[in-house]
Amino acid sequence: MLIWFAGLALVAGLAWVFVRHYSGRSPLSLGVVAATPYVVLVAPLLGLVLMLLARQWIGVGVAVLVLVLAASTQLWLYTSDDPPTDAVVIHVMTANLRLGEADPHSVVDAVRRHRVDLLMLEELTQAEQTALEAAGLDELLPHHSSNTQPTSQGGGFGTGLWTRFPMSDVHQPSQFTFAFITARLTVPGVARPVQAVALHASGPVPDAAPWQRDIRGFAQYLPTLAGDRPMIVGGDFNATPDTVQFRNILDAGFHDAADQAGAGYTRTYPADRWFPPLIAIDHVLARGGPVATDVRTVTIKRSDHRALLVSVALPRT
């Protein structure tokens, strides 16, 4: 009986190695992919233990091979890149405000405490923006652009981009489900303007079609903004690192900050339960030179997401 259970566990672990290469198109299939970090490690490890208990040494060897193969699907998030030797370090934060219900003082306190230079906010309502400004956000980050106009999506539509640095060429393309904001920043000490983007992909539940359009659109549109400038993108992608569609964006020349910093699986959602967050759907991406050196999550009161805080080294030249 142990052998049967061990075999099932190994088959499950091996199956999920291939599941992460499946381009899910339904909420169920995307949920299955989201479970990858847990299944690919727990299932082979369970199989290995059961094979040891059953004293099946060939099975032990097979289990070790499956465990190594499964673990290799996650190792890329735990190996860090070298930052540029001559760099300006800025602090970036992205936070989903839960339909404008997050505590504005908690957001502003996080910006002040962590000396945030560039802030991306999702699910921003006009009422929340007013409360953030009253709490002192504009004093800390005086340059901003936002779009909070109401749509059928309610408070989920709004997106905001705040920064310590002067902004130019602000643009808000309209082809995505939620507000999308991009601007060029003049960062002291950095030779070229930095292209900054705040975005939010539609959620895949209950209908994954809008999410499919958004995530595919990001992969096509984001590279057109970059040119030869350094670029930093932050927001709620509603996609884990194991999702094929998210990795298609990385294949377009972007790097996940968690990967660059070797921070591992940075779980941000759900953050409003008795248990800790389970999945990593909020991301900061870099292209054209910036390298993330530190990534951590920050609790925002009354939000169902943890904010993602990233230190980014920008090459001076």
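So, the lining of the largest pocket: by class, there are 15 nonpolar, 12 polar and 4 charged residues in it. For that count, Ala, Val, Leu, Ile, Met, Phe, Trp, Tyr, Cys and Pro are nonpolar, Asp, Glu, Lys and Arg are charged, and the others, Gly among them, are polar. Keep in mind that this is a predicted model, where local features need pLDDT of at least 70, side-chain atom pairs count only at pLDDT 80 or more, and totals for chains, interfaces and linings use all residues. Residues are numbered from 1 along each chain as its sequence is written, and side-chain values use heavy atoms, with hydrogens and water left out.

Okay, back to the pocket. Its space comes to about 750 Å³. A pocket here, on a 1 Å grid over the protein atoms alone, is an open set of points with protein on both sides within 12 Å along at least five of seven lines, and lining residues have an atom within 4 Å of a point. The volume is the space filled by probe spheres set on the points, with grid points joined across faces, edges and corners. Of the 31 lining residues, Gly 203, Pro 204, Val 205, Asn 238 and Tyr 269 lie nearest the centre. Which helix gives the largest share of the lining? That's H2, residues 27-34, with 4 residues. By the way, helices (H or I, at least four residues) and strands (E, at least two) are DSSP runs, numbered from the N terminus.

Now find strand E7, residues 194-200.

Two strands pair if DSSP finds at least two bridges between them. E6, residues 181-185, runs antiparallel to E7 over 5 bridges, and there Ala 183 has Ala 196 as its bridge partner. With E8, residues 231-236, E7 pairs in the parallel sense over 6 bridges, and Val 197 stands opposite Val 233.

Next, an open sheet. Its 6 strands come in the order E3-E4-E2-E1-E12-E11, with mixed pairing. Why do E3 and E11 each have a side without a neighbour? Because E3 (143-147) and E11 (291-298) stand at the edges of the sheet, each with a single partner strand. From one strand to the next, the twist averages 15°.

Among the buried ones are Phe 246, Ile 249 and Leu 250. Just after H9, Gly 253 has a positive phi of about 110°.

Leu 46 is in H3, residues 36-54, and counts as partly exposed at 45% relative accessibility. Gln 220 is in H8 and is exposed, at 56%. Gln 220 and Ala 252 are 32 residues apart in sequence, yet 8.1 Å apart in space, C-alpha to C-alpha.

Conventions
Axes are lines fitted to C-alpha atoms, for helices over the stretch in contact, and angles run from 0 to 180 degrees between N-to-C directions. Buried means under 20% relative accessible area, exposed over 50%, partly exposed in between (1.4 Å probe, protein chains only). On a 1 Å grid over the protein atoms alone, a cavity is a set of points where a 1.4 Å probe fits but cannot get out, and a pocket is an open set with protein on both sides within 12 Å along at least five of seven lines; lining residues have an atom within 4 Å of a point.
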